[in-house]
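Subject: Structure handover

Hello,

Here is the structure for you to look at. My notes on what was found follow below.

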Amino acid sequence: MALTGEKDEPFLFPSMDYQVDPPKFFSSDLLSSPLPTHSFFQNFVEADGNNPVYIHPYLIKSSASSVSLCYPSRRVHSGSIYQVFKADLTISSSTQQTQRGSHSHHHVISSFSDLSVTLDIPSSDLTFFLVRGCPYVTFSVSDQTPLFSITTVHKFSFFTSNSSLTKYALKLDNGQAWLLYASLPIKVGNSYETMISFSKKYTSHDHGVSLVVRIALLPNSSSELEDVLDRYSTCYPVSGDALFTMPYCVKYKWEKRGFGNGDLLMLAHPLHLQLLSKDEGNVTILEDFRYRSIDGDLVGIVGDSWLLKADHVPVTWYSTGGVKEESFDEIKSALSKDVAGLCSSEITTTSAYYYGKFIARAARLALIAEEIGFLEVVPSVKKFLHETIQPWLDGTFDGNGFLYDAKWGRISIEAYSAGYFLYGIAVLAKIDPAWGMKYKPKAYSLMANFMNLARGSNSKYTSLRCFDLYKLHSWASGLWNNLYEPEMQQDSTSEAVNIYYSAALMGLAYGDIHLASIGSTLASLEIHAAKMWWHVKEGDNLYEEDFAQGNKLVGYVSEKNRLCKMRYCYSETECKIGLHVLPLLPITEFLFSNVDFVKDLVKWSPSGYRVGDGWMGFVYALEGIYNNQVALEKIRSLKRFDAGNTLSNLLWWIHSRHDYRKMGSCHEKQYCFCHCCPNILRFRLL
């Protein structure tokens, strides 16, 4: 599904002078389409391709001739949680093609989708169908390969088989029990303490038929859970797609195959369970069938299609509850000073991130002025936005610019930086429609770099570059800009929300309901994910006590880690809060709608370090949700503000907060997404 604006040939920014060739791990037929740069399987294509990938519930590591599985344990400290990789089981062919003259010495990604990746091991004639949330690891063995083996870094305590030789139980000396299922009878060739080899037991009609093998850890060595794994062992997924069929909804659909009767068994993480529609689709939740994970318990779901329904969030230019009229004069006074201070020639940075913050800061002033009817300052803001945005879109900015990499299908800007530009573009297109139409192709190209839903070789950008459709949030670092950590990571949840909120506003500015709908849906999912994995609430028991008791906010989330620190190694709680609040926008109240959590967060904030007024402004903004007058006095005392923030914006925020205790039952603890705001936009896909 392409976003509106891509029906015609899209505008492309100038090409990069230097373009990095795609990794050797992608099959040749994938190279004609834009390639993912922030995918969950990034470690399969980065460097030597041999860093583990977390495909829930297993860490999976590939080498030139084998694939290793790990059901990870966790190391927990007060400042970190880390998943530990050990090769519990390693699968390889007993007869490798390298001995027969093959020149392929690495794995190959032959296909991928929103929820899956297919990994070929040419030297072993093995193909792995790696689907996220599948309790089984499924692979096929070519009919040309009669043998495969399983090794372990532990020791095999014992193994047994059923009478038909299509199921084996493997017990390791570390206490783990694994189950192996085969589509054809297989027999044990050799067995040692650390290795078991298997071969096909041919019948006359089995020749030329590939063997399919499924391996699953048996949680808690439970016989009841073994019955569940037995029951669903013959139906397996080979790929999975996430579809935006309705506003605020995501539909999962898996392509499945089988070697017998049976339904599809998958695993849902806690956010899936929160959003899963029980009334639509034929799904059954197996509450007692659970695998542990760093993201919370993974629970069994039977069904080959899920519908996830996110809360509706208002995508509006202005505050959702309105600004108190008695505060207009104070805000106008601040606006006059802030607008008078706008001067494009005084911006010395060439950083897209900081330059984008200056643009978005000015755009906020225009909208605040419109909301309180102080329209005489808007022309000055419009002039500033013209002077700052146009050089980037026209390619005349000295020292930086948007460049297109045709080999990867991407623009040279990080997503959280682009979010600030999109916000400024949306506001300028609103207040100057003629400018908006002139620059629409370039604006849409910048947006599509992260928001494209089209697929295939005709598209210029990969699909939803940063958004993880299994975890339901974005990753900030990807293949091409993460030089230090060989995995995906995300720290600022609020900047992630801003990407899609700004895209939705751009849809409103251009009358593009489809873009507004997709943007608001993704923003809502980002908010849900932030509350699930970054906001550490008392009693939610998602993280171990050693980590949770000292951290109200997770600083850094990656596939395998949780860290208390975040960007630039900030450990001060005020800085962490600020990086999870900025930029301060109308949608921020929905990111921090849990008032009890906000109170705990502000109470937790004094770090004992001396931090600048810029950071404290965001702490006071949160305090203003429940302690408005006290926060207002603190904000009035500030002397400096974050590069993307102003006194006008903080006053607008404080004076548009309303006493949550007087707003009805749905506001006593949390703002209600669906009913609290009369100007919520409800979208319909065209």
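Helices (H or I, at least four residues) and strands (E, at least two) are DSSP runs, numbered from the N terminus. This is a predicted model, in which local features need pLDDT of at least 70 and side-chain atom pairs count only at pLDDT 80 or more, while totals for chains, interfaces and linings use all residues. Residues are numbered from 1 along each chain as its sequence is written, and side-chain values use heavy atoms, with hydrogens and water left out.

The protein chain contains 18 helices and 30 strands. Of its 686 residues, 62% are buried (under 20% relative accessible area; exposed is over 50% and partly exposed in between, with a 1.4 Å probe and protein chains only). Among contacts (heavy atoms within 4.5 Å) with a separation of 6 or more, 70% are accounted for by residues 24 or more positions apart.

The largest nonpolar core has 227 residues, and Phe-148 and Leu-385 have the most contacts inside it. Helix H5 (residues 352–372) gives the most to this core, with 14 residues. A nonpolar core here is a set of buried Ala, Val, Leu, Ile, Met, Phe, Trp, Tyr and Cys residues joined through side-chain atoms within 4.5 Å.

Ser-656 sits in the segment after helix H18 (647–655). Is Ser-656 buried or exposed? Ser-656 counts as buried because its relative accessibility is 3%. Its side chain reaches the backbone oxygen of Trp-652 at 2.8 Å, and a polar atom of that side chain lies 3.1 Å from the backbone oxygen of Trp-653. Neighbours within four places in sequence aside, Ser-656 is in contact with Ser-319, Gly-322 and Val-323.

On cysteines, the structure holds 0 disulfides (a disulfide is a pair of cysteine sulfur atoms within 2.5 Å). Cys-466 counts as buried, at 2% relative accessibility, whereas Cys-343 is partly exposed, with a relative accessible area of 30%.

Last, confidence. The pLDDT (the predictor's confidence in each residue, from 0 to 100) averages 90 over the protein chain, and 90% of the residues score at least 70. Over residues 98–103 pLDDT stays under 50, and the model has 6 contacts beyond four places in sequence for them. Residues 479–485 also have a pLDDT below 50, with 19 contacts in the model beyond near neighbours in sequence. Where pLDDT is low, the predicted coordinates should not be read in detail.

Regards

Note on methods:
A polar contact is a pair of N or O atoms within 3.5 Å; within protein, one must be able to donate a hydrogen and the other to accept it, and residues adjacent in sequence count only if both atoms are side-chain atoms.
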